[in-house]
Amino acid sequence: MGLLEIDDLGLALNGATILNHLDMDLWEGHVHAVVGPNGAGKSTLAGTVMGLEDYRRYTGEIRFDGTSLADLGVDERARLGMTLGWQEPARFEGLRVPEFVRLAARDKSDDAVRSCLSRCGMEPARYWDRAADKTLSGGERKKLELASILAMQPRLVMLDEPDSGIDVESLARIRDAIAALRGGGATVVLITHSAEVLDWAEHAFLMCCGHIVDKGNVEEISRYFKGRCIPCDHKNRPDLEEEGAP
Amino acid sequence: MTTTDLFEVAKIHRQVQDPDVAHLAIGLNKVVSSNGVAGLAVETEEVADGVNIEVTVAEDAVIAKPVHMCFGLLQEEGIQKINLRLTVEPRARVAVTAHCVFPNAEDVQHLMDAVIRVGEGAAYSYMERHIHSPQGGITVVPKADIHLARGARFKTDFELLEGRVGRIDIDYETTCDADSRLEMNAAVSGKGDDRINIRETGHLNGERARGVLTSRVAVRDDASADVYNELTASAAGAVGHVDCKEIVQGRAVANAVPVVQVNHPKAHITHEAALGSVDSRQLETLMARGLSEDEATEVIIAGLLRFT
């Protein structure tokens, strides 16, 4: 049994099908990647698993560690040990950087908060008195969000475009932080368009038109991702294309 | 009521023991404690219906430590009226922290009429923090007529977050000469049947004058808030910004009425306002870290009301 099991997941928004008969099973303690073209439904999948308000009316079943998530809100899912890092993290007026990290932290000590910031490439001395608001760049907010996730010590982390807005120097720190999450026993899901981020994973899922069209090791999936993955009617299935299927 | 009581409620009893810290405490309509420092002249006069206060910061004087003012009453009923004339002479610098303390108010009025003159190249920073009773039996009416001379700087932070608002009617109007800098901030949290009325006006009359008016209001239950921000720019290089955010919960009602007026082709004013519920992305981010919806909402509102 996987840590997260998704059976026949479906979701329609404004009359359009976004998730379509999607099945997924995540092994515990591994780093997984979900790749696919724009509009494939990757972010929606993460939001649905997390229970975000806009994605609550799904069909099918999502189970975390054997527990159905159907009736659980975002905070209840988080307290089970799940969390989500957004593609564009929110800004928090009036909340300082260490306060934001401490909100979710299991260990709320200054030393623990400093450690989480450092591991994500945020020098504590430089950021301790900064606000978690619009004065932080998009990349800084991504790093701050990851620091808060490190502090939370979750069992399942879904990171939407974890490299978005991150400078080259910081990218290695983000990779290390993700490795630290895995080292702590967390299961990580990387939602990405980046071949480099895909390489951080151990297993990958190829998603298109709302469902998983292939899964396997990273090398296998990256062939589709790098060479063939474009929005199309045949759901990025080279085998179907070869067969002339619609 | 003793001075100590007022200072303890305001949590400034340690600061005012420092002989190098100037302070003035008014209990109801009597001067109950004062301390002066070089460069700062304070004259007071108890009159039939209030206290007249004249504060002058001498030319070129730099008051090293913030001056503490404490206005209030510990009784349940009373009318406190303060007439304040404050002059910061050219190139002087001073910061004032005022606590307005009404922890037991059931039928109290606090009326403040201030005339503030900040001289050429001078700097004046004023922080006013209110501590009210949980009953909300108070009416607060602070009015200020402020003028900034060339190159003067003035910053004011008004904060009413502790206890119930009751009724508040703020009316500050500032005129700004060339190269002056104005920053007016107000943060108020209302609940129950509180009524909040904030009117902040800035006139950027001089060249290169700059002004920012910022209001942060949270209302819940049956509270209501009306925020009128008016900023005019009438000279070349005058630049201003008006920023109003109000979070509304329950049956509360919020209104924001921004007025921006530009009277010169080389002047510029921007405006932003956001009224409504707590931002859903912020809320879901905190909930995804395990905070309940109520906890997350409190964190977001507390942050909104805190100027950083």
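Figure 1. B:Gln282, B:Leu283, B:Glu284, B:Thr285, B:Leu286 and B:Met287 are buried in α2(B). A residue is termed buried if 20 or more other C-beta atoms lie within 10 Å of its own, exposed if 12 or fewer, and partly exposed in between, with C-beta atoms placed from the backbone. The helix spans residues 280-287 and is mostly covered, with six of its eight residues buried. Helices (H or I, at least four residues) and strands (E, at least two) are DSSP runs, numbered from the N terminus. The partners of these buried residues are α2 (74-80) and α3 (97-104) of chain A together with α3 (293-304) of chain B. The structure is a predicted model, in which local features need pLDDT of at least 70 and side-chain atom pairs count only at pLDDT 80 or more, while totals for chains, interfaces and linings use all residues. Residues are numbered from 1 along each chain as its sequence is written, and chains are lettered from A and ligands numbered from 1 in the order in which they are written.

**Figure 2. The side of chain B that touches chain A.** In this view, 21 residues of chain B are in contact with 21 residues of chain A; contact requires that the C-beta atoms of two residues, placed from the backbone, lie within 7 Å. Both α2 and α3 of chain B supply at least two residues each to this side. The largest share, seven residues, comes from α2(B). By residue type, this side of chain B comprises eight nonpolar, seven polar and six charged residues. Here Ala, Val, Leu, Ile, Met, Phe, Trp, Tyr, Cys and Pro count as nonpolar, Asp, Glu, Lys and Arg as charged, and the others, Gly among them, as polar.

**Figure 3. The ten-stranded open sheet of chain B.** The strand order is β2-β1-β5-β7-β9-β11-β13-β15-β17-β19, and the pairing is mixed. Two strands pair if DSSP finds at least two bridges between them. B:Lys155 has B:Glu183 in β13(B) as its bridge partner.

**Figure 4. Strand β4 of chain B and the strands that pair with it.** The covered face of β4 (residues 50-57) of chain B carries B:Val51, B:Ile53, B:Val55 and B:Val57, whereas B:Gly50, B:Asn52, B:Glu54 and B:Thr56 form the uncovered one. Strand β3 (residues 40-47) of chain B runs antiparallel to β4(B) and is joined to it by eight bridges. A hairpin through two residues connects β3(B) to β4(B). With β6 (residues 77-88) of chain B, β4(B) pairs in the parallel sense over seven bridges. B:Val55 stands opposite B:Val42 and also opposite B:Leu86 in β6(B).

**Figure 5. The surroundings of B:Thr232.** This residue lies in strand β16 (residues 224-233) of chain B. B:Thr232 counts as buried because it has 22 C-beta neighbours inside 10 Å. Apart from neighbours within four places in sequence, B:Thr232 is in contact with B:His203, B:Leu204, B:Gln261 and B:Asn263. B:Val67 is 165 residues from B:Thr232 in sequence and 31 Å from it in space, C-alpha to C-alpha.

Figure 6. Strand β3 (residues 31-35) of chain A runs parallel to β8 (residues 187-192) of chain A, and five bridges join them. A:Val35 is placed opposite A:Thr192 in β8(A).
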